[in-house]
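We will go stop by stop.

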Amino acid sequence: RIIAGRKEIYNDPYQWPLIYKANRDQIRDPHMLFVGQQLVIPRTVTIEEVREARRQAGAQAPYDPPPEAFHPSEYR
């Protein structure tokens with residue numbers, strides 16, 4: 001949540017499942033990371049994937065990201 005919540009990443013802690021899914025090959029537990037890991041930060045996701053990540057992370061409905069959070073259209 002801390003990484004996803006950083007302003008330069010997604011600015012939304014509920015988008016952490018996007019990072020976890022992109023790095024499953026090196027992350028066994030999404031709540032435990034190690035110093036030196038180099039993580040992929042997905043930028044080519046759809047708004048549907050963002051909504052699903054927020055749902056999986058336990059965000060309250062509606063699952064739309066807040067206006068100040070990462071939105072996929074910003075990176076296309």
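**Stop 1: Tyr20.** Select Tyr20, which counts as partly exposed because its relative accessible area is 22%. On this scale, buried means under 20% relative accessible area, exposed means over 50%, and partly exposed lies in between, with a 1.4 Å probe and protein chains only. Tyr20 belongs to helix α2. Helices (H or I, at least four residues) and strands (E, at least two) are DSSP runs, numbered from the N terminus. Show contacts next, meaning heavy atoms within 4.5 Å. Setting aside neighbours within four places in sequence, Tyr20 is in contact with Ile27, Arg28 and Pro30.

Before moving on, a word on the model. It is predicted, so local features need pLDDT of at least 70 and side-chain atom pairs count only at pLDDT 80 or more, while totals for chains, interfaces and linings use all residues. Residues are numbered from 1 along each chain as its sequence is written, and side-chain values use heavy atoms, with hydrogens and water left out.

**Stop 2: Ala4.** Go to helix α1 and pick Ala4. Buried or exposed, what is Ala4? Ala4 is buried, because its relative accessible area is 1%. Its contacts, not counting residues up to four places away in sequence, are Ile9, Tyr10, Asn11, Asp12, Pro13, Gln15, Trp16 and Ile19. Leu18 is 14 residues from Ala4 in sequence and 8.6 Å away in space, C-alpha to C-alpha.

Stop 3: Select Asp12, in the loop between α1 (2-5) and α2 (16-22). Asp12 counts as buried because its relative accessibility is 2%. Not counting residues up to four places away in sequence, Asp12 touches Ala4, Gly5, Arg54, Pro65, Pro66 and Ala69. Then step to Asn11, found in the loop between α1 and α2. Check the backbone here: Asn11 has a positive phi of about 60° although it is not a glycine. Asn11 counts as partly exposed because its relative accessibility is 23%.

**Stop 4: Arg1 and Tyr14.** Show both side chains. The charged end of Arg1 sits over the ring of Tyr14, 4.7 Å from the ring centre. The rule asks for NZ of Lys or CZ of Arg within 6 Å of the ring centre and within 35 degrees of the ring normal.

**Stop 5: the largest pocket.** The largest pocket has a volume of about 270 Å³. Of the 13 residues that line the largest pocket, the closest to its centre are Arg1, Ile2, Ile3, Pro30 and Leu33. A pocket, on a 1 Å grid over the protein atoms alone, is an open set of points where a 1.4 Å probe fits, with protein on both sides within 12 Å along at least five of seven lines; lining residues have an atom within 4 Å of a point. Grid points are joined across faces, edges and corners, and the volume is the space filled by probe spheres set on the points. Helices α1 and α2 each supply at least two residues of the lining. Colour the lining by class: 11 residues are nonpolar, one is polar and one is charged. Here Ala, Val, Leu, Ile, Met, Phe, Trp, Tyr, Cys and Pro count as nonpolar, Asp, Glu, Lys and Arg as charged, and the others, Gly among them, as polar.

Stop 6: Where is Gln38? Gln38 lies in the loop between α2 and α3 (47-56). Gln38 counts as exposed because its relative accessibility is 68%. Gln38 touches Asn23 and Gln26, not counting residues up to four places away in sequence. Gln37 is also placed in the loop between α2 and α3. Gln37 counts as partly exposed because its relative accessibility is 22%. Leaving aside neighbours within four places in sequence, Gln37 is in contact with Gln26 and Ile27.

**Stop 7: Pro62.** Finish in the segment after α3, where Pro62 lies. The peptide bond from Ala61 to Pro62 is cis, with omega near -5°.
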